[in-house]
Amino acid sequence: MYMYMTTGTRDFMEKLQERHSDKQMVLMHGSGQSLLIHETESKSVFQTPRRYEVISSTGSITDKGYFVCNNIPVTDEGRPVFEHRFSSQGEQLETQQGFIAYRLLRPLESDTYVVMTEWEEASDYDRWKNSPSFKFSHPSPDEFADNTTHIFSSASYVSTYIAKPEETD
């Protein structure tokens, strides 16, 4: 399975989604930009997508949740350790209140993995983020690897998006 992502303005992403209404895509909006994702076994319909292989998944992505994308740059030699550590994280999330879906995405053209989670509400994610389960699944860089392996190539960053349709009056 593959996941393709593209970003742009809300209007452009809505038009792109409408043009490919026969494909299952999720449109979400964050600070300053919109993100359109397409999870499929086939090729992307996007012209220049960010391309990922889904290497671990739990749950089904919906078009109504709160998405958190943890973007983590990983060195080539760190990939096996990183993937091993995060491949079972989705199973740990299944029991969390408000959890919907999890994807561990291996980059096909960069060094930045994406750990994507979907929640019913932002408050569900916040509750999990402040739980002992979160601390257990997110070791400090010192705990993550031995001193001979450099896993991270630079600092990670988090992007959040909301996929709920806009309310109309």
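**A core and some salt bridges**

Guide: Leaving aside neighbours within four places in sequence, M116 is in contact (heavy atoms within 4.5 Å) with residues including M3, M5, I37, F67 and L105. This is a predicted model, where local features need pLDDT of at least 70, side-chain atom pairs count only at pLDDT 80 or more, and totals for chains, interfaces and linings use all residues. Residues are numbered from 1 along each chain as its sequence is written, and side-chain values use heavy atoms, leaving out hydrogens and water.

Visitor: Which residues have the most contacts inside the largest nonpolar core?
Guide: They are M5, I37 and M116, in a core of 18 residues; such a core is a set of buried (under 20% relative accessible area, 1.4 Å probe, protein chains only) Ala, Val, Leu, Ile, Met, Phe, Trp, Tyr and Cys residues joined through side-chain atoms within 4.5 Å.

Visitor: And which strand gives the most to this core?
Guide: That is β6, with 3 residues, strands being DSSP runs (E, at least two) numbered from the N terminus.

Visitor: New topic: how many salt bridges are there?
Guide: The structure holds 8 (a side-chain nitrogen of Lys or Arg within 4 Å of a carboxyl oxygen of Asp or Glu). In one of them, the side chains of E39 and R103 meet at 2.6 Å, N to O, and this pair links strand β3 with strand β6, 64 residues apart.

How values were computed: Buried < 20%, exposed > 50% of the residue type's maximum accessible area, 1.4 Å probe, protein only. Helix = DSSP H or I, 4+ residues; strand = E, 2+ residues; numbered from the N terminus.
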